[in-house]
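Here are a few notes to go through with the model open beside you.

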Amino acid sequence: MKAKRTIITFGDMRVGKDSNRSKRTPTVRKDKTAIIPVDRFPALPGDRPRVETGSAAVADLGAPAAARPSMAEREALDRVDLSVELAPTRGLRLANPIMVASGTFGYGVEYGEVVDVQRIGAICCKGTTLRPRAGNAPPRVTETPGGMLNSIGLQNPGVDAVIEKYGPVWQGWKVPVIVNIAGESIEDYVEVARRLDGVPGVAGIELNISCPNVGKGGLQFAIDRDAARAVTAAVRRATDLPLLVKLSPNVADVRPIAKAIEEAGADAITAINTLSGLAVSPDRTRALLGNTFGGLSGPAIKPVALRIVYEVAQVVSIPIVAIGGITNLGDVLDFFACGAVAVQVGTAIFADPELPVRLGEELAAECVRRGLTSYGPLVGTALPKRAGASSAKGAEYRP
Ligand SMILES: Cc1cc2nc3c(=O)[nH]c(=O)nc-3n(C[C@H](O)[C@H](O)[C@H](O)COP(=O)(O)O)c2cc1C
């Protein structure tokens, strides 16, 4: 039996209905690598003994009957409502909260052969600018312990080509596509947003504000509260599309910036973009990357992302989408516990393109295991019970 889907308000966020909302079970887990799926069909009381579980059980409908989940397991999974509303007043409803991060999944079409993209919660496409960009000089990427450093430099064909080439494809998709946009001036951002407004297949905009503002001597929008507010407000006026704004971690205190973005009319906050970093050439005569600096991503940045989500969740009431180093379900649950209502998977996709889809399945199974029909009760469980209590301490602790 398919559960009736009801969206209810959870704070200012909307997560699928759950009858066990008041039950807050602490997460006890053992971290797993991204490539080993958890047991997605845990035994339920009264179930017949299982023969086999695993990704083949769901993915391969032609598999022998013994490899498929039992009827009871399937019904239990179907009762779980993973939907989430990211823009309550404009409508950006995701079937599940596992998205893919900008710059790590192209325009979605590139992965069509290897992943069932329709089963992803939402796709944030590659950063798109007003005019085409060739990107930075090579080398553009290098591996680091627990992550990678990239300086792609927003290589993209420009907003008009993106609309023409991908719009018609996205229009036929069930999965919402959110276009990540970037610019060097407020006028750039506004013009890109204006061109995307009303384009069929475009479900929302994510502002990448970690870009130099040429009018302010190259100071990034994301590290200047007034610039972050101004660009958000200007784009808000230019479009009715759901608007997500992406925070940079490269600031001393992100909270005033997050609040300014909320006040300026963003529907949701995404956090975080990459951390500014540098690698040295093997002969130690220069910086390794062609652009000198790069953005650090991957598991190494997860604690920073968690800290920022934790801080921001205590000062804004719009939904928070967490990004940074996610490789397994435990990471997703950690971000939910710190107040995120959805997540984006980035760097881990390069090694494991199916991870986002698998995480959706694993989250449903985790809800079943906990006797939940939505993941709402998992959101915010690690936040201080008293508003403002330990948030300030965390932000000010700078060894
Ligand atoms: C190769 C690469 C390209 C990226 N391009 C963009 C981009 O165009 N726009 C953007 O907002 N973020 C971009 N990002 C940042 C990611 O969307 C994400 O915020 C970051 O990688 C942290 O998540 P992760 O640790 O899961 O990768 C890029 C990241 C990588 C690794």
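1. A quick definition before the helix pair: axes are lines fitted to C-alpha atoms, for helices over the stretch in contact, and angles run from 0 to 180 degrees between N-to-C directions. Helices (H or I, at least four residues) and strands (E, at least two) are DSSP runs, numbered from the N terminus. This is a predicted model, where local features need pLDDT of at least 70, side-chain atom pairs count only at pLDDT 80 or more, and totals for chains, interfaces and linings use all residues. Residues are numbered from 1 along each chain as its sequence is written.

2. Now the helices. Helix α4 (residues 186–196) packs with helix α5 (residues 225–238) at an angle of about 30°, and their axes are 9 Å apart. α4 and α5 are therefore roughly parallel to each other (angles under 35 degrees count as roughly parallel, over 145 as roughly antiparallel, 65 to 115 as roughly perpendicular and the rest as oblique).

3. Next, a hairpin. Strand β7 (residues 141–144) and strand β8 (residues 147–150) run antiparallel and are joined by four bridges; two strands pair if DSSP finds at least two bridges between them. Glutamate 143 sits opposite methionine 148 in β8. Two residues separate β7 from β8, and glycine 146 in the turn has a positive phi of about 70°.

4. Have a look at two cis peptide bonds. One runs from proline 138 to proline 139, with omega near -10°, and proline 139 is in the loop between β6 (122–124) and β7. Another runs from alanine 271 to isoleucine 272, with omega near 20°; isoleucine 272 lies in the loop between β14 (268–271) and β15 (275–278).

5. Which backbone angle is worth checking at leucine 154? Leucine 154 has a positive phi of about 55° although it isn't a glycine, and it lies in the loop between β8 and α3 (159–171). Leucine 154 counts as buried because it has 20 C-beta neighbours inside 10 Å (buried means 20 or more other C-beta atoms within 10 Å of the residue's own, exposed 12 or fewer, and partly exposed in between, with C-beta atoms placed from the backbone). Threonine 292, also not a glycine, has a positive phi near 70°. Threonine 292 has 13 C-beta neighbours inside 10 Å, so it counts as partly exposed.

6. Finally, alanine 365 is in helix α10 (residues 355–369). Alanine 365 is buried because 24 other C-beta atoms lie within 10 Å. Its C-alpha atom is separated by 6.4 Å from that of leucine 77, 288 residues apart along the chain.
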